[in-house]
Every structure is written in structure tokens, then in C-alpha cells.
Amino acid sequence: RSSSQGLKSRRAPGTHGSPGGEPLSAAMGAVFSALAAAMRNPKVTRAKNRMAKLVSTAWWLGGNVLWTVSTGLLVLGVPVLVEYERECQMFEQMAQAQSAQMNAPAAL
């Protein structure tokens with residue numbers, strides 16, 4: 001038998017490997033209470049508030065940048081694409097007309 005199996009058999013039910021032999025829920029409660037105490041620290045509170053302000057500002061700025069870029073693309077880019085398509089269509093028609101003229105039987 002290995003030593004870890006021997007330890008498992010000696011632990012009280014519900015301890016699940018916590019170092020002090022206390023139940024897992026008590027260990028988790030201790031962690032949460034320590035975390036709550038740390039969150040009340042003025043430096044942590046200030047850092048949390050600054051992070052919230054940073055996220056809020058980034059969200060606002062990102063929305064405005066996205067709106068500006070999409071509006072600029074619609075206003076400036078779409079007419080250029082439409083004109084390009086029209087020009088391509090015109091060149092295709094010219095090529096078809098030239099091909100038809102070259103393949104026409106010679107007039108006598």
C-alpha cells in the first residue's frame with residue numbers, strides 16, 4: 001500500500017484532501033472571505049474603478065470608430081465600386097462588339 005492510500009483511509013468523511021482536515025466547503029468559505037476582505041482594500045477598489053472606466057471609455061471609442069469607418073466606407077467606397085463595375089461592363093461590351101465585327105463575313 002502506498003502512503004497516499006493510507007492517508008485517504010485516515011481522513012474524515014467530507015474532507016476531500018484539504019490540508020487541515022477541514023471540510024472542503026469550509027476551505028472554500030475561507031477563500032471567499034479572504035477574497036472579500038481583499039476587495040475592500042482601497043487600492044483594489046481604486047483599481048477596479050479605473051478598470052471599469054477604461055472598459056467604458058474603450059467601448060464608447062470603439063463604437064464611434066466603427067461607426068466612422070463604416071459610414072466612410074459606405075459614402076466613399078460604394079460609389080467607387082459601382083463605377084468600377086460599370087466600367088468593366090462597358091469594356092466587356094466593347095470586346096464583344098469587336099469580336100462580332102472581326103468574325104463577320106467580309107463584304108464583297
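**Briefing: a predicted three-helix model**

R86 and E83 both sit in helix α3, which covers residues 42-103, and the two are three residues apart, about one turn of the helix. This is a predicted model, and the protein in it holds three helices and zero strands, so that its pattern, when read along the sequence, is α-α-α.

**The pair in α3**

- The side chains of R86 and E83 meet in a salt bridge, with 3.5 Å from N to O, and the count of salt bridges comes to one.
- Side chains of opposite charge can pair when their charged atoms come close.
- An α-helix has 3.6 residues a turn, so residues three or four places apart point the same way.
- E83 counts as partly exposed because its relative accessibility is 44%, a value that falls between the cut-offs of 20% for buried and 50% for exposed.

**The course of α3**

- Helix α3 has 62 residues and reaches 87 Å from its first C-alpha to its last, which is close to the 92 Å expected at 1.5 Å a residue.
- A kink of about 35° lies in α3 at G77, shortly before the proline P79.

**The surface**

- A nonpolar patch on the surface is formed by L24, M28, F32, L35 and M39, which together have about 480 Å² of accessible area.
- The protein as a whole exposes about 9,800 Å², of which carbon and sulfur atoms supply 66%.
- Of the 108 residues in the protein, buried residues make up 5%.

**Confidence in the model**

- The mean pLDDT of the protein is 83, and 79% of its residues reach 70 or more.
- Among the elements of the protein, helix α1 (residues 3-10) has the lowest mean pLDDT, at 50, whereas α3 has the highest, at 95.
- Where pLDDT is low, the predicted coordinates should not be read in detail.

Methods. Residues numbered from 1 in each chain as written. Predicted model: local features only at pLDDT ≥ 70, side-chain atom pairs only at ≥ 80, totals over all residues. Heavy atoms only, no water. Salt bridge = Lys/Arg side-chain N within 4 Å of Asp/Glu carboxyl O. Helix = DSSP H or I, 4+ residues; strand = E, 2+ residues; numbered from the N terminus. Buried < 20%, exposed > 50% of the residue type's maximum accessible area, 1.4 Å probe, protein only. Patch = residues over 30% accessible without salt bridge, like charges linked within 9 Å, V, L, I, M, F, W, Y side chains within 5 Å. Areas by Shrake-Rupley, 256 points an atom, 1.4 Å probe, with all protein chains shown as cover. pLDDT = per-residue confidence, 0-100. Expected span 1.5 Å × (residues − 1). Bend = angle between axes of the 7 residues up to and from the residue.
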